[in-house]
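Subject: Aromatic pairs in a predicted model

Dear colleague,

Here is the structure for your files. My notes on its aromatic rings follow below.

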Amino acid sequence: MSIEFLFVSFCLALLPGPDILFVLAQSVTRGFRPAIAVSLGLFSGLFVHTAAVALGVAALVAASPVLFKVIKILGALYLVFLGISALRAAPAPAAVGAPIANSQEPFAFGKFYRRGIIMNLLNPKVIIFFLSFLPGFVPAGSQHIGWQLVELGLGFALVSLVVFGLISVFGGWLNKRFHIARYSASRPFAWITALLFWGIAGWILLG
């Protein structure tokens, strides 16, 4: 695995996209720990994409516009579901002048980890990206192309985890700096969270 590959991977991982926006949204609204759990879920999902490329499954998805569209729609619907869930979990509007209670639900690693995995697996653009990006760094004449693709995929996943971690730290800092957790259980904040999720869903569908 070359330094050039790691550098290009880092630059690509920094580009704005659904995954980064998802991590940023979680870190700003929920804090550092939920964002890290989501990041680890996204990281785990990249293993599946790597295996899919190595086994040729990604090529089947790329060759089937219908399957590609179905996966994209499922991913968008999942984000719509998360937005609706955020609204349903929010309390009814409080009386005017009533203090805002911090009733944020306890942190559950598994819940946010699963969100990250599902978010990653239902983003078909990652499949196509891996299919088009990884083979370009396989040495010419390699006798073990499958293993080379796995190595490159794992390298990209590790770089992405570093980037997601940095985003989690930044968003977590914003959460603490502006005391966002205090408002996270309010109805208006639930609408902001829902609109963020729906915006990412639109990005996936229209992109």
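Helices are DSSP runs of H or I with at least four residues, numbered from the N terminus. This is a predicted model, in which local features need pLDDT of at least 70 and side-chain atom pairs count only at pLDDT 80 or more, while totals for chains, interfaces and linings use all residues. Residues are numbered from 1 along each chain as its sequence is written, and side-chain values use heavy atoms, with hydrogens and water left out.

Rings of Phe, Tyr and Trp (its six-membered ring) are paired if their centres lie within 6.5 Å; planes under 30 degrees apart are stacked, over 60 edge-to-face, and the rest tilted. The count by this rule is 14 aromatic pairs. One of them joins Phe-43 and Phe-47, which is edge-to-face because the planes stand at 70°, with the centres 4.8 Å apart. Both sit in helix H3 (residues 32-55), 4 residues apart, or about one helical turn.

For accessibility, buried means under 20% relative accessible area, exposed over 50%, and partly exposed in between (1.4 Å probe, protein chains only). Phe-43 is buried at 12%, whereas Phe-47 is partly exposed at 34%.

Phe-170 and Trp-173 are stacked, with 6.5 Å between centres and 25° between planes. They lie 3 residues apart in helix H8 (residues 145-177), again about one helical turn. Phe-170 is partly exposed at 45%, and Trp-173 is partly exposed at 48%.

Ring pairs also link Phe-5, Phe-129, Phe-130, Phe-133, Phe-137 and Phe-156 into a cluster.

Regards

Key. Helices (H or I, at least four residues) and strands (E, at least two) are DSSP runs, numbered from the N terminus.
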